[in-house]
Amino acid sequence: DGGAPQDDCLFCKIVGGKIPATVVRETDTTLAFRDINPQAPTHVLVIPKVHHPDAASLAAAEPAILADVVREAGEVAAEEKLDSYRIVFNTGSGAGQTVFHAHAHLLGGRGMQWPPG
Ligand code: 5GP
Ligand code: ZN
C-alpha cells in the first residue's frame, strides 16, 4: 500500500479505466467521480490516483496529494454552486469505510445534521 496500484482495489480499477465512473474533475494526481449510491443531491468521491488505504496514510506518505484531494473537493463544490457542504473521510470499517483506497466524500445540496451519528 505504498502508492502503487493494487490489482484487487476498486478505486485503482477506476483510475486505470477498467471500471467506468461518472468523472466530474480530473487532475494529474486526483480523480473526482459521482458516488454510485448517492446520499445527497451532490455526492462526489475525490480520490488520489495513488493507492493508500486511508486519508491518514496518504497524509503521512504524500501530504501534498492529500491537499490536492481537499482542494479538488472544494472545486467540485464550487462547480455545483454549494455554499455549504461536508467533506468526510470514513476511516476503518467501524466508521463505514468499505473501500480501502483513500477517498473524500463531498456531500451537499441538502441540510446536514451535526453530530453525524
Ligand atoms: P466508504 O464507505 O469506503 O467511505 O465509501 C465508498 C463509497 O464508494 C460508497 O459511498 C459507495 O457507494 C461507493 N462505491 C462503491 N462502489 C462504487 C463503484 O463501483 N462506483 C462508484 N462510483 N462508487 C462506488
Ligand atoms: Zn487503490
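This is a predicted model: local features need pLDDT of at least 70, side-chain atom pairs count only at pLDDT 80 or more; totals for chains, interfaces and linings use all residues.
**Figure 1. The annotated active-site residue, His103.** The UniProt record, an unreviewed entry, places the feature "active site" at His103. In the model, His103 belongs to the loop between β4 and β5. Is His103 buried or exposed? His103 has 25 C-beta neighbours inside 10 Å. A residue counts as buried when 20 or more other C-beta atoms lie within 10 Å of its own, and His103 is therefore classed as buried. The view also includes Asp68, which is 35 residues from His103 along the chain. The C-alpha atoms of His103 and Asp68 are separated by 12 Å.

Figure 2

**Figure 3. Strand β3 and its two partners.** Strand β3 covers residues 42-48 and runs antiparallel to strand β2, residues 30-34. These two strands are joined by 5 bridges. Within this pairing, Ala32 has Val46 as its bridge partner, and Leu31 has Ile47. Strand β3 is also joined by 5 bridges to β5, residues 104-108, again in an antiparallel arrangement. Here Leu45 stands opposite His105 of β5. How many of the residues of β3 are buried? The strand is mostly covered, with 6 of its 7 residues buried.

Figure 4. Ala21 is located in the loop between α1, residues 10-15, and β1. The residue has 18 C-beta neighbours inside 10 Å and for that reason counts as partly exposed. This class lies between the buried residues, with 20 or more such neighbours, and the exposed residues, with 12 or fewer. Ala21 and His43 are 22 residues apart in sequence. In space, the distance between Ala21 and His43 is 13 Å, C-alpha to C-alpha.

Figure 5. Most residues other than glycine have a negative phi, and most peptide bonds are trans. Lys81 is not a glycine, yet its phi is positive, at about 60°. Lys81 lies in the loop between α3, residues 63-79, and β4. Because Lys81 has 9 C-beta neighbours inside 10 Å, it counts as exposed. The second detail is the peptide bond that joins Trp114 and Pro115. This bond is cis, with omega at about 0°. Pro115 is part of the segment after β5.

Figure 6. The chain has 3 helices and 5 strands. Along the sequence, these elements follow the pattern α-β-β-β-α-α-β-β. The UniProt record, an unreviewed entry, assigns the feature "domain: HIT" to residues 10-117. This span is 28% helix and 23% strand, and its end C-alpha atoms lie 27 Å apart. The C-alpha atoms of the chain fill a box of roughly 35 × 30 × 25 Å along the principal axes. How does the radius of gyration fit a compact globule, and what value does the chain have? A compact globule of 117 residues would have a radius of gyration near 13 Å, and the chain agrees with this because its own value is 13 Å. Buried residues account for 30% of the 117 residues in the chain.

Notes
Residues are numbered from 1 along each chain as its sequence is written. Chains are lettered from A and ligands numbered from 1 in the order in which they are written. UniProt positions are given in the numbering used here, feature names are shortened, and annotations may be inferred rather than shown by experiment. Helices (H or I, at least four residues) and strands (E, at least two) are DSSP runs, numbered from the N terminus. Two strands pair if DSSP finds at least two bridges between them. The radius of gyration is taken over C-alpha atoms; the globule rule is 2.2 Å times the number of residues to the power 0.38.
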